[in-house]
Amino acid sequence: MDDSEPSVPFLDLSLQYQELKAEIDTAVASIFASTSFIMGPAVEEFEQAFARYCGAKHCVSLHSGTAALHLALLAMNIGPGDEVITAANSFIATAEAISFCGATPRLVDVDETANIDVRQIESAINQRTKAILPVHLYGQPADMDGIVALAKAHGLFILEDACQAHGAMYKGRRVGTFGNATCFSFYPGKNLGAAGDGGAVVTNDAAIAEKVRLLRNHGSVKKYHHEMIGHNFRLDTIQAAILKIKLPHLDEWNERRSKIASRYDQHIGNLSAITGPVTAPGREPVFHLYVIEAQRREVIEKVFREENISYGIHYPVPIHRQPAYAFLGQPVGTFPRTEMLAGRILSLPMYPELTVAQQDRVLRALEKAASLVAAI
Ligand SMILES: *Cc1c(COP(=O)(O)O)cnc(C)c1O
């Protein structure tokens with residue numbers, strides 16, 4: 001290990017806090033002063049601001065992205081006996097939300113963009129299918145035209161998992177209104193992150209918004225009066241206040257991510273052992289993650305460790321290969337592209353404050369790894 005150079009972190013959340021410290025500290029102090037910790041005014045203010053940002057009519061804030069997926073599916077009346085089609089290559093939460101409604105995830109392999117392969121969705125549709133749940137993975141919008149056409153033809157709901165894609169554009173429009181509803185996560189490391197857990201459902205459908213609003217708060221409109229059996233999935237006032245402060249900066253942060261991605265793209269294009277992410281035409285990704293593909297990933301991992309560069313793997317085990325989903329009975333080989341990616345992908349350091357010098361260190365390490373692979 002080279003101890004003379006500081007590490008390049010995969011993500012450094014302290015810098016964003018430093019940038020907005022005065023505003024955040026004041027907002028948090030004022031919530032302590034009012035002690036309005038639950039459903040304080042900042043919750044509705046943030047909801048309105050985020051709905052406007054997404055170009056949607058409604059936003060219902062929740063305590064996590066997982067809760068958002070869960071309640072949005074319940075609001076679509078998805079339950080036992082139903083199937084929901086989603087990508088095999090995603091964070092586990094997407095499938096878990098389907099399972100917690102009593103429904104079954106029907107997994108589909110991904111295409112060269114790492115998102116659900118639209119050509120494979122149709123053969124997964126059957127009489128039990130109720131919805132398609134595309135994930136805009138790594139901040140790359142899925143093929144929404146294709147998905148909308150299939151949903152229309154078969155009378156299915158669309159729920160978008162945009163937990164990694166705040167602000168991503170598909171054909172000039174931000175994700176959030178292509179499907180019947182869209183879910184976001186405000187987990188601290190996401191492009192728009194709270195100081196704890198947070199999430200939201202965004203929709204143009206007033207009935208879905210209303211049902212999610214009831215479900216998140218014990219099925220209650222009036223305190224101690226309950227219209228339906230709900231849950232406690234509310235967003236904390238403190239988190240809403242912090243998100244409201246951060247939201248106006250999101251586009252600039254996303255632009256900085258794109259700039260870093262372009263720099264990575266330029267250099268990686270010259271390296272034969274490594275492939276960069278593929279963006280399909282008409283899409284403007286927001287690079288929550290910058291994921292490369294390498295047949296000899298272990299060489300890159302070794303060089304990164306030596307050079308003190310942190311990285312991630314999203315995700316090392318596909319959903320159908322997780323013990324939790326062994327009951328789906330899908331053996332190795334069921335989703336070849338997802339399985340191949342699990343063995344080859346690596347996420348490079350990516351956050352808006354990553355310096356040019358840090359990016360250069362990442363790129364130099366990749367060049368070194370590529371020359372080592374060439375010598376094998
Ligand atoms: C983060 C994430 C979720 C879950 O969000 P939480 O806020 O952590 O519950 C769901 N789906 C995807 C694709 C995610 O990246």
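A residue is near a molecule if one of its heavy atoms lies within 4 Å of that molecule. Keep that in mind as we walk through this predicted model, where local features need pLDDT of at least 70 and side-chain atom pairs count only at pLDDT 80 or more, while totals for chains, interfaces and linings use all residues. Residues are numbered from 1 along each chain as its sequence is written, and side-chain values use heavy atoms, with hydrogens and water left out.

Let's start at the ligand. It has 15 residues around it, and those that come nearest are G65, T66, Q164, S185 and K190. Three of these put a polar side-chain atom by an oxygen atom of the ligand: for S185 the distance is 2.6 Å, for Q164 it is 2.8 Å, and for K190 it is 3.0 Å. Taken alone, the ligand exposes 380 Å², and the protein buries 93% of that. Such areas come from the Shrake-Rupley method with a 1.4 Å probe, and for residues only the protein chains shown count as cover.

What kind of space does the ligand take up? That space is the largest pocket. On a 1 Å grid over the protein atoms alone, a pocket is an open set of points with protein on both sides within 12 Å along at least five of seven lines. A molecule sits in one if more than half of its atoms lie within 2 Å of its grid points.

Now, who makes up the shell around the ligand? Its residues divide into five nonpolar, eight polar and two charged. In this sorting, Ala, Val, Leu, Ile, Met, Phe, Trp, Tyr, Cys and Pro count as nonpolar, Asp, Glu, Lys and Arg as charged, and the others, Gly among them, as polar. Helix 3 (65–75) and helix 4 (93–100) each supply at least two residues of this shell, and helix 3 gives the most, with three. Helices (H or I, at least four residues) and strands (E, at least two) are DSSP runs, numbered from the N terminus.

Among the buried ones are G65, H70 and A75. At the N-terminal end, S64 caps helix 3, with a side-chain oxygen 3.3 Å from the backbone nitrogen of T66. Just after helix 3, N77 takes a positive phi of about 60°.

H218 is not a glycine, yet its phi is positive, about 60°. You'll find H218 in the loop between helix 6 (206–215) and helix 7 (237–246), and at 35% relative accessibility it counts as partly exposed. F287, also not a glycine, has a positive phi near 45°. This residue belongs to the loop between strand 11 (283–284) and strand 12 (290–294), and F287 is buried, because its relative accessible area is 7%.

Between helix 9 (297–306) and helix 10 (336–344) sits Y315, and the peptide bond leading from H314 to Y315 is cis, with omega near 15°. G172 lies in the loop between strand 6 (169–170) and strand 7 (173–174). Is G172 buried or exposed? With a relative accessible area of 56%, G172 is exposed.

Conventions. A polar contact is a pair of N or O atoms within 3.5 Å; within protein, one must be able to donate a hydrogen and the other to accept it, and residues adjacent in sequence count only if both atoms are side-chain atoms. On a 1 Å grid over the protein atoms alone, a cavity is a set of points where a 1.4 Å probe fits but cannot get out, and a pocket is an open set with protein on both sides within 12 Å along at least five of seven lines; lining residues have an atom within 4 Å of a point. Buried means under 20% relative accessible area, exposed over 50%, partly exposed in between (1.4 Å probe, protein chains only).
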